[in-house]
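Biologist: Can you take me through this one? I have the coordinates open and a few questions.

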Amino acid sequence: MIDEIRKAVAERLNELDGVVALRRWSQGVAPHLFQKGDDLSELEIAPKYPLATLVSKLHKRYPTIKLGIVARGCDERAFIEMAKRNQIDPDRLYIIGFACTAEDAQACYCTEPFPKNLIVGTPPAPGPVNPLVAKYDAMPLVERRAFWKQQFNKCLKCYGCRNICPECFCEACAMEDMAWVEPGLLAPPFPTFHMIRAMHMASRCVACRECEHACPAHIPLTVLYDLMRRDIGDLLGYVPGADIKAQPPLSLSLKQSPLRQGAAH
Amino acid sequence: MSMVTLTIDGQKVEAQEGQTILEVCRKNSIDIPTLCYHPALEPYGACRMCTVEVIRHGWSNLHTACTHPAWDGLEVKTNSPVVREARKTIVGLLLSRCPKVPVIQELALEYGVKEPPFAADNPDEKCILCGQCVRVCNDMVKAHVLNFSQRGVDRVVGPPFMEKTRQCIGCGACTIVCPTGAIEIVLEKSAVYAEKPLGPTSAIYVPSLQAVPRVPVIDTDSCIRFRQQDRTNGEIADACGACQMLCEVGAIDFTQKDEIIELDVGAVIVATGFAMWDPKKLSQYSYGKSPNIITGDQFERLSNAGGPTSGQILLADGRKPEKVAIIHCIGSRDHNAHEYCSRICCMYALKHAHLVRDKTGAEVFEFYMDMRTFGKGYEEFYERVQEEGVNMIRGRGAEVEVLPDGKLRVKGEDANLGRIVSANVDMVVLCTAIEAQPDADKIGALFGLSRSQDGFFAEAHPKLRPVETNTDGVFLAGCAQGPRDVPDTVAHAGAAASMALALMDKGEVVISPTTAKVTREKCVGCGDCIPVCPYTAIARVDGKAEINAALCKGCGTCVATCPSGAIEALHFTDEQLVAQIEGVLAWV
Amino acid sequence: MEYKNTLTTCIYCGCGCSMFVETMDGHITGVWPAKTNQISGGKLCIKGWNVTSFVDHPDRLKTPLIRKDGKLVEATWDEALTLVAEKLNTVKKESGPDSIALLSSAKCTNEENYLMNKLARAVVGTNNIDHCARL
Amino acid sequence: MGVEGFEPKIVAFMCNWCTYAGADNAGVARMESPANILPIRVMCSGRVSPEAVMRAFRAGADGVLVMGCHIGDCHYSAGNHRTIKRMPLLRNLLSYVGVNPERMELVWVSAAEAPRFVQVTKAFTQKIKELGPLAQEVTE
């Protein structure tokens, strides 16, 4: 599969200013901007990185360049949400999509482990829904609280979840706003700190799981975000990353995006 | 148009060329009897009553004035012996045909015909076959229902085959033009505009007695012209037009249409008034079950000199009432209807009582809960009405019953006596509540007005800002805001007008400083805030949000939407909210 | 349009988390955690995430400063080192070697820290040496 | 699980045009509403960010009310449309981290509904009394 991707990138490099993908270095793999003439044998597809973030940086820094991207399903979903919020220019982006492996889908609990612009590979069986979601959802309040208190107590307040997140592109972050989060507390104030992020993720999270991978405290953050994703789907019929034309519903009036029947408060 | 001069009964008279002798005579107040003449119809010369003596070049001749043109130099005699003799003969013949018609009897008397010269075939005949009805139906109404049929002595006027026809639109024009009252129209349903269900008016009317400007309107549902237009899908577009023909200043224009006029204004005064509460909602008052149970509003119309009875207070059958009950608080101060006091009823009920006493001398029973005579001179009027002999019964009228003989029985508790009382009366006046207009919600949504619990528009502050609303530049006047009587409404409206003028006079608008502001360094340009703004005050400028402070009303919804805290609600900043949160919690 | 990631190790503490420092046209534009690294496994703490923030910081010291007449004045390394050596000698002479303590930094390499250790024990003659990230 | 003699602290965000006016009218009409309600005026319920609600809990509120105009009555036409979308999400989120979502409620009270204001605040205060202090819940 990787050879097919390299071939597709080589073809595209003739007409694009560069292609964002992963590159193998002597001691590791990192995101890279491949340009014409680069050695494509160094192009890799794993481990996954949030490449949409890099596209956004490049689009902002070089306002006319056209880029290609070797993208997974979650990458594509990420820049659909980013494009809605003016962080990348979809007209300057060509997606070389490839399908994740079945193991990837399993590990990421990914229900859509391939992009819409699938160029290479065949869609694998979707991964299972994160079993922790159902587990914590079924817990009584007291147990949930105990669980999350224990988890959030481990938090180093490193902001890694935010830093790695392709959808956390804000210049200023509410999690650093002294109005909402008192500074100097470690672990950060329960449960405000993590709730702010969960709230913001409701209409943005594309379930790439990068936050959880980046968390040095191994907090199962995506359980919370998966619940929020489920709720915004139930309440407003919105699936982040699904449709570039669907506007973020929390910004719209009831007329433009009504509450789903029976979902009202 | 050139003028001509002729002599009528020895007097030189000027006339326009083309006028008939009859028209000239009418204009100069010279009386000529007519039966078949109508100014809106072509003259026909059927009845011959307008016969006059016309002398031209020395030759005298008898002609019908309605058809003979007024030529220059003519001499006309309208009352010469020859004329009178001729008319006597004509009246004799008409009387022989229609001996019982009053108009003809009067003419016979005038011209000295004591008995009909011939015996009538049908003594009840009323039609003189003048054909006015035929002409109005065909030429004006264009319904083409009536015409002559048969010949000679068998000649009759009527619809085809003298049968009921759907072509008749029931306009009644024939009955109006018929000089002898020979046509009776039996309406199968009300075809004419009904004013406050107390009697018909015409299809062209002044919308209300206090209308400003005082210009009549045409009720297109009742107007013959518009009805014919509708019925024939526009094929007959020139029916009737009598009003246009008769209006001397040419004010009638059938081509006018309802227009939507868009105006840019600096202020709006909402003065949409009130609606009358429907007393049918409380069945115990039997409203609608007898024509003699009427609302205060209907009584007002009844006693109006321009009303259906020319101001006489009469029962439905035309008799004068002998006993009248007036019941206060119908639908007001009632947990089953409106809880509020409608404020105007006590005073108009007293006035109605006074009018009944004054005009009919009938005995009046006034059922009241308590008398709210709060205005200047009101209490004095109350005393005067009491002195006029009105029976005051303190206690809500509880029930009105229609008795088999058509009389009405009013029951209620007299709280002063502490027992149930009842009165049999001829007429009941229900002083119904006033309530918010049924479309107040739409007007409210249009102007962003909220409504108080009673349904009327809410003022900005019940004590300090009774004229303003929470929408800048929108003011309230009168009953749109709550029940009030005329002097209060005038005062309220005056206040609204001066507030609106004051606003516009300044030439500039003071806006609230509670607007939202973007901190550019914090904004990432995601645009989540843009669709949030109901005033489209937010735009993306150079990739970042920018707020037009003149458009922003300061709701702060964008502030709460912004994930970066890049928008600040001035005077409601996050820091201020937090300080308040901590403040209120510290206080406890 | 030059894009580069440079593999390096976090300098803030002794954990040795691995990371890529991202540069565009020679300017540092961010940090990627090195997911393939066995030690940090693609995770960083707040220091690692912000490790590059001092590089282009306007407040960053670029030359030694010597206080002269109550004011800090830019100086050359020779000037500064000579001054420090003189002062240390004076203190050692007047109050003995244990009146001196040396503090090293996590931002230095192990080799540099070893040299600091040698400086303390062999040159100054004291065991008073410590390190800011003694984790 | 109520606590003896517990008087909850309830932060109530009220929109300027409807609920704040309604509360004002309740006061003018001398209706009695619980002193546990600590009002914070905002121009529109749409101004109330989830962060502000969380902050109120963090600062020691045992319950939070977000109150505004009925849908369709918003002075800003649709500010409360955003509130009605946001707040259920926040309520769910509270429950996910184990805070009883009943401690937070979104209620519409118009300027005309002074009696409703009293009824709503009384009922909510009673509910929070029964739930007990939030601090107990979070620190237990």
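Biologist: How many residues lie between strand 4 and strand 5 of chain C in their hairpin?
Modeller: The hairpin of strand 4 and strand 5 of chain C has 2 residues between the strands, and D69(C) in the turn has a positive phi of about 55 degrees. Helices (H or I, at least four residues) and strands (E, at least two) are DSSP runs, numbered from the N terminus. This is a predicted model: local features need pLDDT of at least 70, side-chain atom pairs count only at pLDDT 80 or more, and totals for chains, interfaces and linings use all residues. Residues are numbered from 1 along each chain as its sequence is written, with chains lettered from A and ligands numbered from 1 in the order in which they are written.

Biologist: Is the pairing of strand 4 and strand 5 of chain C parallel or antiparallel?
Modeller: Antiparallel, over 4 bridges, with residues 65–68 in strand 4 of chain C and residues 71–74 in strand 5 of chain C. Two strands pair if DSSP finds at least two bridges between them. L65(C) is opposite E74(C).

Biologist: Now chain D. What is the strand order in the open sheet of 4 strands?
Modeller: The order is 2-1-3-4 in chain D, with parallel pairing. Strand 2 (37–42) and strand 4 (104–108) of chain D are at the edges with a single partner strand each, so one side of each has no neighbour in the sheet.

Biologist: Over how many bridges do strand 1 and strand 2 of chain D pair?
Modeller: Over 6 bridges. In strand 2 of chain D, P39(D) is the bridge partner of A12(D).

Biologist: Which strands does helix 2 of chain D touch?
Modeller: Helix 2 (residues 50–58) of chain D packs on the sheet against strand 1, strand 3 and strand 4 of chain D. Contact here means C-beta atoms, placed from the backbone, within 7 Å.

Biologist: Switching to chain B. How many residues of helix 4 are buried?
Modeller: In helix 4 (residues 132–140) of chain B, 7 of its 9 residues are buried. Buried means 20 or more other C-beta atoms within 10 Å of the residue's own, with C-beta atoms placed from the backbone; exposed means 12 or fewer, and partly exposed is in between. Among the buried residues are C133(B), R135(B) and M140(B).

Biologist: What do they pack against?
Modeller: The buried residues of helix 4 of chain B pack against strand 6 (147–149), strand 7 (156–158), helix 5 (173–177) and helix 7 (242–246) of chain B.

Biologist: Last one: how many residues does the contact take from chain B and chain D?
Modeller: It takes 29 residues from chain B and 31 residues from chain D. Helix 14 of chain B gives the most to the chain B side, with 7 residues.

How values were computed:
Contact = placed C-beta atoms within 7 Å. Axes fitted to C-alpha atoms, helices over the stretch in contact; angles between N-to-C directions.
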